[in-house]
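Here is a short briefing for someone meeting this structure for the first time. Take a look at the sequence and the model, then read on.

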Amino acid sequence: MAKGLVIALWSPKGGVGKTLLSVAIALRLSERQRTAIIDGNADNPDLVTLLQSSSLPNIGTWPGRVAPEEVEDHLVRWTSRLFVLPGPTRFIDEAVLSGEAMEAAVRSLSEAGLHVVVDLSAGLRDSTLVALDLADWVLLPVTPDLLALTPLRRVARELDFLKLPAGKFRVVVNREAEGQEISPADIRELSPFPVLGAVPSSRQTAQAINRGDLQAALAASTPVGKAVAAVLRGIVETEPSPQPAASAFGAGLLARLWPIAGREGA
Ligand SMILES: Nc1ncnc2c1ncn2[C@@H]1O[C@H](COP(=O)(O)OP(=O)(O)OP(=O)(O)O)[C@@H](O)[C@H]1O
Ligand SMILES: [Mg+2]
């Protein structure tokens, strides 16, 4: 069985559109293939609210390595081909979203042939590092303002230390609007990573989200839906950068990342 693509959405800054774009991307991917969206934001797991889905099962109840024919039993079905793995229901506790749980979920789902979209929190915790490591592509949403753009350079400088290949990082400009001082062209010039495209700021989307109508808000015919489809074509038609040989399951990954994981826990 062909492995599904793993796409992680991450940014060092909060509130730039990781969650919204994760859902929009997962919806587009699920038009062709079974797709799962993992709520990897343990600090603020908001997919359950956004999708108005059940919070069980969730990543806190993920039982470890799961056989391909059983993965759907551990997910919440949102549409016929789109599944959700909600975030932990408990707040704060690092143990409720461990690196091991993230690794088990991502590997089980991808090996079962599902595309996997991981919506991460800002900042670096164990589970985030694991998702960034396992991802074929890491999409970094940025809003066109200095406070969102500046941290990208810091990320680029730290990648060697994190042992993450820069070749799989791409920037997506979100909430593009006319009259903003930093244009997508400026961002292309400033960004240390290739820019895949820009998603407009849409009042219609924001209103539909607040009505609880996420599918309508992000449908393929909407401005946001169209822009996300274009962004996705930039990576789905391209071969992902080659990944280093997979470490044996459960071993090695966190150990390799330990200097960071240890520091974070300190
Ligand atoms: N293109 C857009 N058009 C309109 N509203 C948007 C757009 N992108 C994001 N938003 C809104 O901006 C807010 C922040 O977006 P979102 O929650 O996706 O950011 P985030 O990066 O996931 O935040 P956090 O770091 O808190 O997880 C939300 O209310 C979302 O609906
Ligand atoms: Mg979010």
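The points below cover the core, the ligand shell, a helix pair and some backbone features.

This is a predicted model, in which local features need pLDDT of at least 70, side-chain atom pairs count only at pLDDT 80 or more, and totals for chains, interfaces and linings use all residues. Residues are numbered from 1 along each chain as its sequence is written, while chains are lettered from A and ligands numbered from 1 in the order in which they are written.

**Nonpolar core**

- The largest nonpolar core holds 77 residues. Such a core is a set of buried Ala, Val, Leu, Ile, Met, Phe, Trp, Tyr and Cys residues joined through C-beta atoms within 7 Å.
- Buried means 20 or more other C-beta atoms within 10 Å of a residue's own, exposed 12 or fewer, and partly exposed in between, with C-beta atoms placed from the backbone.
- Ala 8, Ala 105, Val 106, Val 118, Ala 131 and Ala 135 have the most contacts inside the core.
- Helix α1 (residues 18-29) gives the largest share of this core, eight residues. Helices (H or I, at least four residues) and strands (E, at least two) are DSSP runs, numbered from the N terminus.
- Leaving aside neighbours within four places in sequence, Ala 8 has contacts that include Val 118, Leu 120 and Ala 131. Contact means C-beta atoms, placed from the backbone, within 7 Å.

**Around ligand 1**

- Ligand 1 is surrounded by 20 residues (C-beta atom, placed from the backbone, within 6 Å).
- The closest are Gly 14, Gly 17, Lys 18, Thr 19 and Leu 20.
- At least two shell residues come from each of α1, β7 (169-176) and α7 (203-210).

**Helices α1 and α9**

- The axes of α1 and α9 (residues 223-236) come within 9 Å and cross at roughly 70°. Axes are lines fitted to C-alpha atoms, for helices over the stretch in contact, and angles run from 0 to 180 degrees between N-to-C directions.
- The two helices, α1 and α9, are therefore roughly perpendicular (65 to 115 degrees).
- Leu 21, Ala 24, Ile 25 and Arg 28 of α1 make the contact with α9, whose residues there include Val 224 and Leu 232.

**Backbone features**

- Leu 56 and Pro 57 are joined by a cis peptide bond, with omega about -5°.
- Pro 57 sits in the loop between α2 (47-51) and β3 (76-77).
- Gln 52 lies in the loop between α2 and β3. Its phi is near 50°, a positive value in a residue other than glycine.
- Gln 52 is exposed, with 11 other C-beta atoms within 10 Å.

Terms used: Two residues are in contact if their C-beta atoms, placed from the backbone, lie within 7 Å. Angles under 35 degrees count as roughly parallel, over 145 as roughly antiparallel, 65 to 115 as roughly perpendicular and the rest as oblique.
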